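Please have a look at the sequence and the structure first.

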Amino acid sequence: MTSAGSGQRQALARAFAVARHGRLWLVPTILCALVALFLTLLYMGGILDPNGNLHRLPIALVDTDQGPPLPGQQQALGAQMSRSVVASTPAGTVQWRRLSQAQMQDQLASGQVYGALVIPADFTTSVAALTTPRASARPSLTVLTNPGLGSLGSSLASQITQRAAHQASLTIGRQLTTQASSQGADATTRTLLGDPIGVTVRVGHPIGRHSGLGLSAFYFTLLLVLTGFVGGNIINSGVDAGLGYTDNEIGPWHTRRPTVPISRTQTLLLKMLMTAGITVLTTSLLMIAAITILGMDASHLPLLWIFSYCASLAVGLGVQAINAAFGGIGQVVSMFVFIALALPSSGATIPLHAVPGFYRFLALFEPMRQLSDGVRSILYFDARADAGLTRGWSMIAIGVVLALLFGFAMTLYYDRKGLHRLTARPSAQPGETA
């Protein structure tokens, strides 16, 4: 017992002696601090004030009013309502798109607008009837939602549209009340005319019940990115261990294989080939789990599989290229490229029109936005090219090309400079750091 206790005390003493070396703490401390700081700024900075960051959220405005103008007025009430809706919205927050009924349906079906406000064909006639015994119901505008663009984005557009419609109703109501008062209308009629228009909310472009209220596309895309990211790093570590360049430790078991003389370029090629092969399995299992086992609503299954495979492969190849270029900190770099910067700029949970401009800039090239648009097009918008599928394919192709060019350019440079990985190093003495 005394000998065992003495050995434990010596081990503890040696651990504390090594821990006193500042160089051992320097790099991990700086990296952990920077990761914590930047992750917090990135994630929290994009979600705290969607309403305050609104910038040209696209919403359709459809005026189908066919009634003649009221006495003493030059335009039908539908045109007046349209002007009032636009005027009641703070400048720059909403992009009201004046569309026909057919154009509105097309843009809802392609995910180009977050919702719509429809003024009915009998709008002027039904408002005018409020001042007569023929009035049977309060005139109503229709607000259409687009849940395929995400529950938050669709809800945000619905709230904005309903609020604008109510303000426009009050504006027109003041005009009608003034006219009614001059014509001797009773108090009941004047009260009814003060806020004459109701609002009916309906789904403009329905999606399946098992679509997570429009979030299944985001989470499915997140899984594609995570399997590519995590799988790429697993392959990177596994190949290095298998070639004898790193130790292989699983719990208490430790192995070190004989080192295989192989260049950096050949190693990267091997890792990318393995990534391409293993991604076939991970993509298939992902779809089986999400669609077959869990019942996620999905159509165009062959297209969804090939898009998912290419998307996850592009991420995996990017991870291998970054790891080959940056070595030990490659995982941190790729984490920021594919996860930390990509998630808040994806526009899949909070619309890009409701986040600060920095995130809208990131969305121009960060992969999550491009991939989620493609998946969303396949799942919700009948795989329409103009719903984001074309952009998704284009960015996948660009990503693969950049990964290949960057990865092999860096490894060829290292190989030509003679920066081989087979470099003998002396063992650290007790109390020293390597």
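Is Asp382 buried or exposed? Asp382 is exposed, with a relative accessible area of 56%; here buried means under 20% relative accessible area, exposed over 50%, and partly exposed in between, using a 1.4 Å probe and protein chains only.

A word on the background: this is a predicted model, where local features need pLDDT of at least 70 and side-chain atom pairs count only at pLDDT 80 or more, while totals for chains, interfaces and linings use all residues. Residues are numbered from 1 along each chain as its sequence is written, and side-chain values use heavy atoms, leaving out hydrogens and water.

**Helix pairs**

Two packed helices are described by the angle between their axes and the distance between the axes. Axes are lines fitted to C-alpha atoms, for helices over the stretch in contact, and angles run from 0 to 180 degrees between N-to-C directions. Helices are DSSP runs (H or I, at least four residues), numbered from the N terminus.

| Pair | Angle | Axis distance |
|---|---|---|
| α9 (residues 264–293) and α14 (residues 389–416) | about 150° | 8 Å |
| α8 (residues 216–242) and α9 | about 140° | 9 Å |

Nonpolar covers Ala, Val, Leu, Ile, Met, Phe, Trp, Tyr, Cys and Pro; charged covers Asp, Glu, Lys and Arg; the others, Gly among them, are polar.

In the second pair, the angle makes α8 oblique to α9; oblique is what remains once angles under 35 degrees (roughly parallel), over 145 (roughly antiparallel) and 65 to 115 (roughly perpendicular) are set aside. Among the residues in contact are Phe220 and Ile235 of α8, and Met274 and Ile278 of α9. The contact of α8 with α9 has 11 nonpolar, four polar and two charged residues.

**Outside the helices**

Asp382 sits in the loop between α13 (367–380) and α14, and its phi is near 60°, a positive value in a residue other than glycine. His300 also has a positive phi, about 50°, although it is not a glycine. His300 lies in the loop between α9 and α10 (301–326) and is partly exposed, at 32% relative accessible area.

Gly418 belongs to the segment after α14 and is partly exposed at 38%. How far apart are the C-alpha atoms of Gly418 and Ser263? They are separated by 9.8 Å, with the two residues 155 residues apart along the chain.

Terms used. Helices (H or I, at least four residues) and strands (E, at least two) are DSSP runs, numbered from the N terminus. Contact means heavy atoms within 4.5 Å.
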